[in-house]
Amino acid sequence: MKILIKLKNKIRKIFEIHCPDCGGILKYEFYDPVHKVDVFRCQECGKEWV
Ligand SMILES: [Zn+2]
């Protein structure tokens, strides 16, 4: 149950992230196993954020 809530919060967080540059919506792109980070791409300016 706790895991489910955690996952829900993570998904919610992903949808709520906005680009610091232009304020566009950041879409989850992929998980970078090298840097161990989630990579997001801005739908407006195309910049990648971690
Ligand atoms: Zn942007």
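This briefing describes the fold, the strand pairing and several individual residues of the structure shown above. The model is a predicted one, and its secondary structure comes to one helix and three strands, which follow the pattern α-β-β-β when read along the sequence. The three strands form an open sheet in the order E1-E2-E3, with antiparallel pairing. Of the 50 residues of the protein, 6% count as buried.

**Confidence**

- The mean pLDDT of the protein is 86, and 88% of the residues reach 70 or more.
- Confidence is lowest in helix H1, which covers residues 2-16 and has a mean of 73, whereas it is highest in strand E2, at 94.

- Within the open sheet of order E1-E2-E3, the edge strands are E1 and E3 (48-49), each of which pairs on one side only.
- Strand E1 (residues 26-32) and strand E2 (residues 37-42) run antiparallel and are joined by six bridges; in this pairing Leu26 stands opposite Cys42 of E2, and Tyr28 stands opposite Phe40 of E2.
- E2 also pairs with E3, again in the antiparallel sense, over two bridges, and here Trp49 in E3 is the bridge partner of Phe40.

- E1 and E2 form a hairpin with four residues between them, and Lys36 in the turn has a positive phi of about 55°.
- Lys36 is found in the loop between E1 and E2, and has this positive phi although it is not a glycine.
- Lys36 counts as exposed because it has 8 C-beta neighbours inside 10 Å, the cut-off for an exposed residue being 12 or fewer.
- E2 and E3 form a hairpin with five residues between them, and in this turn Gly46 has a positive phi of about 80°.

**Residues of strand E1**

- Tyr28 is found in strand E1 and counts as partly exposed, because it has 14 C-beta neighbours inside 10 Å, which lies between the cut-offs of 12 or fewer for exposed and 20 or more for buried.
- The C-alpha atoms of Tyr28 and Trp49 are separated by 9.4 Å, although these residues are 21 residues apart along the chain.
- Tyr31 also lies in strand E1, but counts as exposed because it has 10 C-beta neighbours inside 10 Å.
- The C-alpha atoms of Tyr31 and Val50, which are 19 residues apart along the chain, are separated by 9.4 Å.

- Not counting residues up to four places away in sequence, Val37 touches Asp32 and Val50.
- Val37 and Trp49 are 12 residues apart in sequence, and their C-alpha atoms are 9.6 Å apart in space.

**Contacts across the chain**

- Among the contacts in the protein with a separation of 6 or more, 13% are accounted for by residues 24 or more positions apart.

Methods. Residues are numbered from 1 along each chain as its sequence is written. This is a predicted model: local features need pLDDT of at least 70, side-chain atom pairs count only at pLDDT 80 or more; totals for chains, interfaces and linings use all residues. Two strands pair if DSSP finds at least two bridges between them. Two residues are in contact if their C-beta atoms, placed from the backbone, lie within 7 Å. pLDDT is the predictor's confidence in each residue, from 0 to 100.
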